Amino acid sequence: MPTARELLAFYLEAGVDCALSETPVNRLSEEAAVEERPAPKPALFRTANPPAIVPASIPSVPAPDAAIMSAREIAPRAASLQELRDLLERFDGCALKSTATRLVFADGNPEAKIMFVGEAPGRDEDLEGLPFVGRSGKLLDLMMAAIGLDRSKVYIANIIPWRPPGNRDPSPQETQICLPFIRRQIELVDPDVLVCLGKPSSQAVLDLKDGIMKTRGKWIDYDTGTRTIRAMATFHPAYLLRQPIYKRLTWQDLRAVQKALQG
Ligand code: URA
């Protein structure tokens, strides 16, 4: 019989590191299957200017299609990064919000000429409320330092601003729900150069179909909505921690990024 400590160690190893409720639920039992969900609260989106309260026509956690439509409708309304952040704090269309500790919106300089976009926060980011502060964040800091950058000169965000439980991959629906917000975030930061870290970011943001091996290191045009900027996909630092052999290619990509920033 395993001890409680061994059981917890096993859960942690399996990625189960957060409790969703006070009491355990046997999701395999029939009772749990018909268990009633609490009635959804009406969602409210407060607009900043004028400070009106606009009732949304959808419930708290709407079906993915409704949530995607809602996100597409409200994200472009944010007139500033602060408004976008407030909007996300009020947006209940993505179920990941209910399991995450907090919103992980961004780090760095909103005036930066370069913006990095990762996938989703992990455990450390969820605890601190900042993107890329864990092991892969430390490597990202080194990658940036190699081309003379640090967090005062870059802006960093993720496609998904809430940690998926147990660091699972975000579902395609979750990605689609969050996409209008990161697109608006890019438009508001208005960098000259956009770097997408890893396959999920480059596929979602840059609409690239191929894997990272094929797409990395190539400049493509990205339409922010107000202008066209240069964008590039490169390896995600978490991947480089597992496959350090690709650091060499990443170095080439970073040199190209450095050149582009120098104009
Ligand atoms: N991986 C990401 O894609 N983003 C983070 O913020 C941390 C790890």
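The questions below go from the whole chain to single residues.

User: What kind of model is this, and how are its residues numbered?

Analyst: Local features need pLDDT of at least 70, side-chain atom pairs count only at pLDDT 80 or more, and totals for chains, interfaces and linings use all residues, since this is a predicted model. Side-chain values use heavy atoms, with hydrogens and water left out, and residues are numbered from 1 along each chain as its sequence is written.

User: How many helices and strands does the protein chain have?

Analyst: Helices (H or I, at least four residues) and strands (E, at least two) are DSSP runs, numbered from the N terminus. For the protein chain the secondary structure comes to 12 helices and 8 strands.

User: What percentage of the residues counts as buried?

Analyst: Buried means under 20% relative accessible area, exposed over 50%, and partly exposed in between, with a 1.4 Å probe and protein chains only. Accessible areas come from the Shrake-Rupley method with a 1.4 Å probe, and for residues only the protein chains shown count as cover. The protein chain exposes about 14,900 Å², with 54% of that supplied by carbon and sulfur atoms. Of its 263 residues, the share that counts as buried is 42%.

User: In the protein chain, what share of the contacts with a separation of 6 or more comes from residues 24 or more positions apart?

Analyst: A contact means heavy atoms within 4.5 Å. Among contacts with a separation of 6 or more, residues 24 or more positions apart account for 68%.

User: What is the order of the strands in the open sheet?

Analyst: Two strands pair if DSSP finds at least two bridges between them. The open sheet has 6 strands with mixed pairing, in the order S3-S5-S4-S6-S8-S7.

User: Which are the edge strands of this sheet?

Analyst: An edge strand here pairs on one side only. S3 is joined by 2 bridges to the antiparallel strand S5 (residues 154–158), and Asp107 stands opposite Ile156 in S5. The edge strands are S3 (107–108) and S7 (220–223).

User: Which helix packs on the sheet, touching S4, S6 and S8?

Analyst: The strands touched are S4 (114–118), S6 (193–197) and S8 (228–234). Axes are lines fitted to C-alpha atoms, for helices over the stretch in contact, and angles run from 0 to 180 degrees between N-to-C directions. The direction of this helix makes about 165 degrees with that of S8, and the helix is H12 (residues 247–261).

User: Is S4 enclosed or open, and how many of its residues are buried?

Analyst: S4 pairs in the parallel sense with S5 over 5 bridges and with S6 over 4 bridges. Its two faces are both covered, with Ile114, Phe116 and Gly118 buried on one side and Met115 and Val117 on the other. S4 is therefore largely enclosed by the rest of the structure, and its buried residues are 5 of the 5.

User: Which residue in the hairpin turn has a positive phi?

Analyst: S7 and S8 form a hairpin with 4 residues between them. In S8, Ile229 is the bridge partner of Tyr222. The turn residue with a positive phi, about 110 degrees, is Gly225.

User: What is the phi of Asp207?

Analyst: Most residues other than glycine have a negative phi. Asp207 lies in the loop between helix H9 (199–206) and helix H10 (212–215), and is exposed with a relative accessible area of 52%. Although Asp207 is not a glycine, its phi is positive, at about 65 degrees.

User: Is Pro164 buried or exposed?

Analyst: Pro164 lies in the loop between S5 and H8. Not counting residues up to four places away in sequence, Pro164 touches Leu96, Ala120, Pro121 and Pro170. The C-alpha atoms of Pro164 and Ala100, 64 residues apart along the chain, are separated by 7.0 Å. With a relative accessible area of 2%, Pro164 is buried.

User: Where in the chain does Asn167 lie?

Analyst: Asn167 is not a glycine, yet has a positive phi of about 60 degrees. Asn167 is partly exposed, with a relative accessible area of 44%. Its place is the loop between S5 and H8.
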